[in-house]
Amino acid sequence: MENLLVAENIYKRFGNFTALNNVSIDIPRESIFGLLGPNGAGKTTLLRIINQITMPDEGRVYLEGKPLHPDDIAHIGYLPEERGLYKSMKVGEQALYLARLKGLSKAEAKERLNYWFKRLEIEGWWDKKIQELSKGMAQKVQFVITVLHRPKLLIFDEPFSGFDPVNANLIKDEILQLKEEGATILFSTHRMESVEELCDYIALIHKSNKLLDGKVSEIKKEYKSNTFEVGLDARDEAVLRRELEERFVLGPAKFKSINEDLKLTIKLKDNEPSNDLIQFLLSRARINHFVEVIPSVNDIFIKTVTQDA
Ligand code: ADP
Ligand code: MG
């Protein structure tokens with residue numbers, strides 16, 4: 001698939017400190033790309049470089065195959081980490097003003113703002129001052145302003161951080177919808193566990209280095225260990241356990257189920273089909289629960305960091 005944005009061999013230093021050490025990312029068109037890593041990893045620095053707020057010391061950024069140009073800002077919507085709105089201005093007035101700066105006519109801006117305010121159920125906020133809004137409320141307004149001019153690339157720096165779970169979910173759904181409508185989305189987060197289902201692609205950044213990147217489904221395939229969670233109803237659990245032990249590698253159950261049965265994780269040999277296990281179990285127990293263990297991005301991150309160290 002063609003990449004909308006490519007950042008190539010980016011280095012950024014602040015004095016003696018290297019904030020980005022040869023980081024490259026490729027963002028396929030109409031995908032959601034998650035830039036994941038703990039605080040201080042270098043995520044914001046990379047997003048600021050892509051937005052031409054800071055210059056890299058080395059490396060290049062390409063949009064649609066061409067070196068990034070100041071005019072490209074018109075095609076990018078950016079929600080920065082520090083959410084800056086003028087505190088004493090009214091919400092509607094400010095939204096209109098910022099929309100006009102992005103090249104929308106007054107009528108267009110009004111129409112789109114009405115649509116979004118209704119959609120996010122914030123119509124009542126139009127005449128409130130920004131300083132009357134909570135952090136989450138202001139962030140909702142800023143989200144609207146970021147997407148209003150329908151840029152092809154949307155960049156959200158920690159878009160969920162100021163939100164309660166309900167609003168975080170609402171913004172997640174909006175991001176998915178924006179992708180459906182053809183936008184390409186790059187976002188950063190330090191909360192790896194809560195957003196992986198949103199991402200088609202990820203890059204894991206740790207201490208200025210990219211540890212891993214690619215398609216989420218491919219990465220998970222690579223890191224899974226042919227292990228299954230099973231819940232079993234057997235006449236004699238001790239006997240079953242012994243039989244299983246002779247044939248497979250057993251581990252403790254890390255899942256809950258409503259049944260009072262024997263719960264285990266069972267690891268097969270690397271390329272052994274799961275049907276072997278099912279076959280083995282069929283004559284010995286009733287299978288109440290059978291699920292492959294898919295590593296979370298967080299598990300993968302921890303594994304990669306430990307290997308790296
Ligand atoms: P993240 O967004 O992943 O939490 P940042 O990109 O904000 O991380 O920061 C990465 C590192 O670079 C941090 O150690 C931070 O202190 C440092 N850093 C970022 N911007 C500057 C700056 N303007 N001057 C000096 N150090 C900076
Ligand atoms: Mg940051």
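## Gln 139 and its surroundings

The side chain of Gln 139 reaches the backbone oxygen of Pro 159 at 2.7 Å, in a predicted model. Gln 139 sits in helix H4; helices are DSSP runs of H or I with at least four residues, strands are runs of E with at least two, and both are numbered from the N terminus. With 2% relative accessibility, Gln 139 is buried, a term for under 20% relative accessible area, where exposed means over 50% and partly exposed in between (1.4 Å probe, protein chains only).

Setting aside neighbours within four places in sequence, the contacts of Gln 139 are Arg 83, Glu 158, Pro 159, Phe 160, Ser 161, Gly 162 and Phe 163; contact means heavy atoms within 4.5 Å.

## Basis of the values

Residues are numbered from 1 along each chain as its sequence is written, and chains are lettered from A and ligands numbered from 1 in the order in which they are written. Local features need pLDDT of at least 70, side-chain atom pairs count only at pLDDT 80 or more, and totals for chains, interfaces and linings use all residues, while side-chain values use heavy atoms, with hydrogens and water left out.

## Helix H2

Buried residues in H2 are Val 91, Gly 92, Gln 94, Ala 95, Leu 96, Leu 98 and Ala 99. They pack against helix H3 (106-119) and helix H4 (135-147). Just after H2, Gly 103 has a positive phi of about 95°.

## Magnesium site

Thr 44 (OG1) and Glu 81 (OE) coordinate the magnesium ion (ligand 2) at 2.0 to 2.7 Å. Thr 44 belongs to helix H1 (residues 43-50) and Glu 81 to the loop between strand S6 (76-79) and helix H2 (91-101), so the pair ties together parts 37 residues apart in sequence. Donors are N, O and S atoms within 2.8 Å of the metal (3.2 Å for Na, K and Ca); water is not among the atoms, so sites may look incomplete.

Thr 44 is buried at 18% relative accessibility, whereas Glu 81 is partly exposed at 37%.

## Ligand 1

An oxygen atom of ligand 1 lies 2.8 Å from an N or O atom in the side chain of Thr 44. Backbone N or O atoms also approach oxygen atoms of ligand 1, at 2.6 Å for Gly 40 and 2.9 Å for Gly 42. Taken alone, ligand 1 exposes 560 Å², of which the protein buries 59%; these areas come from the Shrake-Rupley method with a 1.4 Å probe.

Strand S2 (17-28) and H1 each give two or more residues to the shell around ligand 1. H1 gives the most, with three residues.

How values were computed: Polar contact = N/O pair within 3.5 Å; in protein donor to acceptor, adjacent residues only side chain to side chain.
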